[in-house]
Amino acid sequence: MTTPDVRTRAASPVPITPPDVEGARLRKRSLIWAGLLVPATLLAGVLVLSTEAAALCIAKGRGCGGAPGYLYLASLAVAGAAFVVVQSTSRADVRRAALRTQLGAEALFLLFVLTTYA
């Protein structure tokens with residue numbers, strides 16, 4: 001009588017990992033929010049240009065304030081870097097933090113646009 005062949009170890013030394021469902025969802029959300037930044041910026045620009053302060057600045061050159069240009073660029077650079085991290089990293093905790101950073105930087109950029117002629 002022979003004994004059946006019993007395996008005492010896994011067929012493959014590579015551990016089985018579950019599919020990364022959250023990663024795909026966060027990448028998609030990051031892409032959607034990055035795409036919505038352009039229409040949101042255009043809408044914010046139209047809102048700013050319809051104020052009385054903007055009319056005075058454009059017509060008479062008075063009351064033209066606003067944030068320095070490097071703040072706009074810095075917030076866009078942070079949002080862009082966070083977008084790249086969300087799309088490229090494999091670690092879930094880093095991806096979540098990068099998505100939050102991207103959303104915060106985009107919101108800050110829109111705030112700067114809205115306060116251009118304040």
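User: What makes up the largest nonpolar core in this model?

Analyst: In this predicted model, the largest nonpolar core has 6 residues in all: Leu37, Ala44, Tyr72, Phe109, Phe112 and Val113. To belong to such a core, a residue must be one of the listed nonpolar types, be buried, and be joined to the set through side-chain atoms within 4.5 Å. Buried here means under 20% relative accessible area.

User: Which elements give two or more residues to this core, and which gives the most?

Analyst: Helix H1 (21–49) and H4 each give two or more. H4 gives the most, with 3 residues.

User: Happy to look at one member up close. What is valine 113 in contact with, leaving aside its neighbours within four places in sequence?

Analyst: Valine 113 is in contact with Thr41, Ala44, Gly45, Val48 and Tyr72. Of the residues it touches, Ala44 and Tyr72 are also listed in the core.

User: Why is H3 called roughly antiparallel to H4?

Analyst: Good one to check by hand! Helix H3 (residues 69–88) and helix H4 (residues 92–114) pack at about 155 degrees, with their axes 8 Å apart. Angles over 145 degrees count as roughly antiparallel, so H3 is roughly antiparallel to H4. H3 also passes H4 in a left-handed crossing.

User: How do you know what kind of residues form the contact of H3 with H4?

Analyst: Sorting them by type gives 17 nonpolar, 3 polar and 2 charged. On the H3 side the list includes Leu71, Tyr72, Leu76 and Phe83, and on the H4 side it includes Arg95, Ala98, Glu106 and Phe109.

User: Why is alanine 98 called buried?

Analyst: Its relative accessibility is 7%. The cut-off for buried is under 20%, so alanine 98 counts as buried. Alanine 98 is found in helix H4 and touches Ala82, Val85 and Val86, not counting residues up to four places away in sequence. The C-alpha atoms of alanine 98 and glutamine 87 are separated by 9.5 Å, with the two residues 11 apart along the chain.

User: What makes H1 roughly antiparallel to H3?

Analyst: H1 and H3 pack at an angle of about 155 degrees, with their axes 9 Å apart. With the cut-off for roughly antiparallel at over 145 degrees, H1 is therefore roughly antiparallel to H3. The crossing of H1 and H3 is left-handed.

User: And which residues meet there?

Analyst: Leu26, Arg27, Ser30, Leu31, Ala34 and Leu37 in H1 meet Leu76, Phe83, Val86 and Gln87 in H3. By type, this contact divides into 7 nonpolar, 2 polar and 1 charged.

Technical notes: Residues numbered from 1 in each chain as written. Predicted model: local features only at pLDDT ≥ 70, side-chain atom pairs only at ≥ 80, totals over all residues. Heavy atoms only, no water. Axes fitted to C-alpha atoms, helices over the stretch in contact; angles between N-to-C directions. Helix = DSSP H or I, 4+ residues; strand = E, 2+ residues; numbered from the N terminus. Parallel < 35°, antiparallel > 145°, perpendicular 65-115°, else oblique. Left-handed = near helix turned anticlockwise from the far one by under 90°. Contact = heavy atoms within 4.5 Å. Nonpolar A, V, L, I, M, F, W, Y, C, P; charged D, E, K, R; others polar. Buried < 20%, exposed > 50% of the residue type's maximum accessible area, 1.4 Å probe, protein only.
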